[in-house]
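Biologist: I would like to go through the secondary-structure packing step by step. Please begin with the sheet.

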Amino acid sequence: MYKLLFEEFFLQVPTKHANASNSNRYYSMYSNDGELREEQVSKGLSNLGLSATGLQHTYLCLSVPGRDLKNVSTLCNYIHLQKLELPCNKIKDLSCVSHMPHLIILDASHNQLTDFFGFQAPKNLKEVNFSHNQMSVMKDLSEYSSLTKLILDHNSFSAIRGLEKCERLSHLSLAHNSISRIRGLDHLPLRELRLSGNAIQKIENLQTLRKLQVLDLSCNRIQSLSGLQKLYLLGTANLESNLISEINEASHLHDLKLLRDLNLLKNPVQDQDDYRLAVIFLLQHITLLDQQTVTAEEKVSSVNKYDPPLEVIAARDHMTNLLYQLMQPQVIFDSTLPSMDTPYPMLVLTGPQACGKRELAHKLCQQFSEYFAYGACHTTRGPYYGEEDGLDYHFVTEDEFQTMIQMGKFVQTMQYGGHWYGLSRESIERVAREGLACCIHMELEGVYSLKNSYFEPRYVLLIPTAVENYVCCLKARGFYSNAQMETAVSRIDSYAKINREKPGFFDNVISCDDRNEAYVTLKQLVKEYLGLEEPGGVSSSITPDNTSSNSTGKLLAANTENADLTDSYSKNYQNKIQARMTPQRTPAETTSSHRREQLIREALNGKSPGAYAELFQRSAPTAPSSLASHSRPTAGPSSTPMRPVGLGGPELDEHSSSEESRASSGLSMRSSAGVHSAESLARGSDVGSGLNIEPLDMSMLGQERDSKGSERISPTLPSSPGRPGTNTKPSLLDAQTSSAGNPDHLKNEWLKRQAGLGEKEPNMNHVFHPETKREAKSK
Ligand SMILES: Nc1ncnc2c1ncn2[C@@H]1O[C@H](COP(=O)(O)OP(=O)(O)OP(=O)(O)O)[C@@H](O)[C@H]1O
């Protein structure tokens, strides 16, 4: 209806450009002197039905746009007017409005008014548009308490004033004036404020505008976004064409959770590298940046770039170290290579900084020096008082550390507190060569990274449960800054969260509130690992969620019940348990498994293993170690020694298999173990050729998640004679030379040894068993 009436009105009041016949027809209504005549008014009047705020209003309206009117004093007689539209005329005096006590809406834009509200206030005046006039001074509008919308663009105002009592003003536009400071707006209920095209240098005095939703400050001289922090309802901020040069300025908007649309176009900050990703990272909730939709990909990229999840950090770290390792001529670290039956035994103490893990690691290595030795990491931080080079850490310079990275020396690295830390392969190997298990400590990122490698350590989490105690410990050390302490405290939650959300991620959790108690618990745990004590004694350790037993000892005991322990050669033990515990295989899993079996059979039959050459020479899991047991091939073929590469025969289905392997590893890389194998082959190395082909597929990953708990139940296999941590390098050779293709031989061999130790049954805890070591040494 409004539209119809409006159109009807405009038909009656032709514009300057209307055709001649129309002009002639209506010309008599307008005077040459710009005076509005009675008959014109009566023609221009209308009743407009407007739907405002859901209610039906009927305004008595007069609209006379673009008529070059100068004198509108006739309107003094129209006291009932509610809406008056006189845009695009030449009006200088609007005093007639004083006679319109019912006026609600006034549009006098594009005129020649100099006097700001030069009339007596209509009591209910709500909306006023004085844009494009010649006003320069705002005056007190106390009497206009009903005003909700005021548009004063394109005038010559240099200061905002007189609005204090406009308690209902929700829209204010003062664009393109000469305003240099934002003030006079305190506590106004503004929802929309437009101040573009002024001379504003600083965002100030806006903090009380708690209802502000739209802010336009474009085309000013603003250098900082400070001042917007508390506008919690802000949804749109236009700061185009200003002088903002720092990306960090966006952090002032960080708490504005409703901000969706930010425009920083034509600011110097746009020239900064990665400007867009950085801003998107800082303001994860925005959906429109610089008038372009923020995509989900951009959001993910920004997080991966600026605050990558631990998995991403670890994957990158692993890839880096692996890549550099691949690029270097390799040394064969034969003592720590994954053996046929068990991985090299390692114990990792993890937990937030200064939770006591280093101290406990040292203590443990001292007390159990027959079994463990401390694996010193490298670091670029300087030694604290009392620390010894080579004992606590290998202290190196930044350059040396970087060189080591590039030499492919590290299994994993991480940056913590501005320093680099790294576990070198040589550190582990040094311990392994002694026939000892390696005990190390590291932060969470290190654990993630290590899980990507072929090492399969035991992870014991030491976690502070009484934060105050922990803070006291940090303070007592006396070498941490407040920021460092805050970081350390904040990381407790990360550990706790992972323990909660990823059952089995840590093998054990021990409260470290009391160091002595923690050590007693740890000691107990280790004794159980070593088989020196009956399992079940560890009562004070916090059992990781979702494990039904309350100590690793129990877990291990549980394993032995199910194991077919006479089969010493059987690294398939885990698979068997796994098979029993896994409800049903998906078709994809079955196909994948068949394919792997087929590959192995083909290789056994003398067909060329092609791209899998290295893998066939030595086990090479390409996925996080926690997945390993799932992905081990099934019993028969996998445990049979393979023929070396290059025996001829038909090619394998490399394509499908390598695709599968890549997809499943998620890293598109081979394990470093493969490198050793290739190298050893090239040199005609006599190192054993244990089989452990472990391509994975995605379905396996899914299964891993589902059955993690059960998988962790049997993390340790009976120790093979070839396990390096028990000085078994010679045995590894035995395995290849004397017992290749003869599993029974190995089985018997192993049983003999077990019997020699006085054990009726093979001990699952054999990984750290003293007798194995002694026996191995005596060999
Ligand atoms: N290679 C590594 N990878 C990951 N984290 C590591 C590594 N080496 C050391 N860390 C960890 O880095 C953190 C800082 O080590 P640093 O030795 O400077 O701290 P600290 O105050 O002595 O802590 P703590 O007493 O827990 O060892 C520690 O939590 C430590 O365990």
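Modeller: Four strands make up an open sheet with mixed pairing, in the order S17-S16-S19-S18. Strands pair if DSSP finds at least two bridges between them; helices (H or I, at least four residues) and strands (E, at least two) are DSSP runs numbered from the N terminus. This is a predicted model, where local features need pLDDT of at least 70 and side-chain atom pairs count only at pLDDT 80 or more, while totals for chains, interfaces and linings use all residues. Residues are numbered from 1 along each chain as its sequence is written.

Biologist: Which are the edge strands?

Modeller: Strand S17 (393-395) and strand S18 (410-416) each pair on one side only. From one strand to the next, the twist averages 25°. Axes here are lines fitted to C-alpha atoms, for helices over the stretch in contact, and angles run from 0 to 180 degrees between N-to-C directions.

Biologist: In which sense do S16 and S19 pair?

Modeller: S16 (residues 377-379) and S19 (residues 419-424) are antiparallel, with two bridges. Thr 379 is opposite Tyr 421 in S19. Helix H8 (residues 398-406) packs on the sheet and touches S16, S18 and S19, its direction making about 40° with that of S19. Residues are in contact if their C-beta atoms, placed from the backbone, lie within 7 Å.

Biologist: How should I read the crossing of H6 and H10?

Modeller: Angles under 35 degrees count as roughly parallel, over 145 as roughly antiparallel, 65 to 115 as roughly perpendicular and the rest as oblique. The axes of H6 (residues 310-327) and H10 (residues 444-452) cross at roughly 55° and come within 8 Å, so the two helices are oblique to each other. Their contact includes Leu 310 and Ile 313 of H6 and Leu 444 and Tyr 448 of H10.

Biologist: What meets at the contact of H11 with H12?

Modeller: Val 467, Tyr 470, Val 471 and Leu 474 of H11 meet Met 485, Ala 488, Val 489 and Ile 492 of H12. H11 (residues 467-477) and H12 (residues 482-501) pack at about 150°, with axes 11 Å apart.

Biologist: How many residues surround the ligand?

Modeller: A residue is near a molecule if its C-beta atom, placed from the backbone, lies within 6 Å of it. Here 16 residues surround the ligand, the closest being Arg 358, Tyr 421, Met 442, Glu 443 and Gly 446. S19 gives the largest share of this shell, three residues.

Note on methods. Two residues are in contact if their C-beta atoms, placed from the backbone, lie within 7 Å.
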